[in-house]
Amino acid sequence: MKINLLRAKEDDRQFLIDCEMDTLDDTDENRSFVEQDIDECLKDTRVVLSGETRIGMLTAYPVDDYWYIGEIYLLPEYRGKGIGRAIMQHDKLLLRVAETNAHALDLYKSLGFEFTDEYEPIEDLVYMTKVN
């Protein structure tokens, strides 16, 4: 499946909110947080496309020598198809993940990410890096 990343625009805002909310409990508190998050990160967000179809989102921005992956979400029907793997093929990547998120940890380890102590963990979030 060929994918493209297109800079998110204001017109994509509701799709981005829905995409992120799909992974959370649909509560007013979560929705408020996600709406604020999208507003703050819109300029660093890309819409993931398969053809003309919006299938997910990626927020990434430079930190030190890395591209920091803030968020990556795919619609449920596109998960497990290698799309996230394809997106994560950049030279030097940095991300943080909850220590309790076994699925994400397994995925990132399979992609070659390793834990790093270069950045201080925040609560239950740990940092991982990957250098291609």
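Which element gives the most to the lining of the second largest pocket? Select β3: this strand supplies five residues there. (Strands are DSSP E runs of at least two residues and helices are H or I runs of at least four, numbered from the N terminus.)

A word on the ground rules. This is a predicted model, where local features need pLDDT of at least 70, side-chain atom pairs count only at pLDDT 80 or more, and totals for chains, interfaces and linings use all residues. Residues are numbered from 1 along each chain as its sequence is written, and side-chain values use heavy atoms, with hydrogens and water left out.

**The second largest pocket**

The volume here is about 220 Å³. Pick Leu 5, Leu 58, Ala 60, Trp 67 and His 90, which are the closest to the centre among the 14 lining residues. (A pocket is an open set of points on a 1 Å grid over the protein atoms alone, where a 1.4 Å probe fits, with protein on both sides within 12 Å along at least five of seven lines; lining residues have an atom within 4 Å of a point.)

**The largest pocket**

Now show Glu 71, Ile 72, Tyr 73, Asn 101 and Tyr 108, the nearest to the centre of the largest pocket out of 35 lining residues. This pocket holds about 1,200 Å³ of space.

**Into the core**

Stay on Tyr 108: this residue is also one of those touching the most other members in the largest nonpolar core, which has 35 residues. (A core is a set of buried Ala, Val, Leu, Ile, Met, Phe, Trp, Tyr and Cys residues joined through side-chain atoms within 4.5 Å; buried means under 20% relative accessible area, exposed over 50% and partly exposed in between, with a 1.4 Å probe and protein chains only.) Helix α1 (residues 13–21) gives the most to this core, with five residues.

**Charged pairs**

Select Asp 65 and Lys 92, whose side chains meet in a salt bridge at 3.9 Å, N to O. (That takes a side-chain nitrogen of Lys or Arg within 4 Å of a carboxyl oxygen of Asp or Glu.) Asp 65 lies in the loop between β3 and β4 and Lys 92 in strand β5, so the pair ties together parts 27 residues apart in sequence. Asp 65 is exposed at 59%, while Lys 92 is partly exposed at 27%.

Methods:
Points joined across faces, edges and corners; volume = space filled by probe spheres on them.
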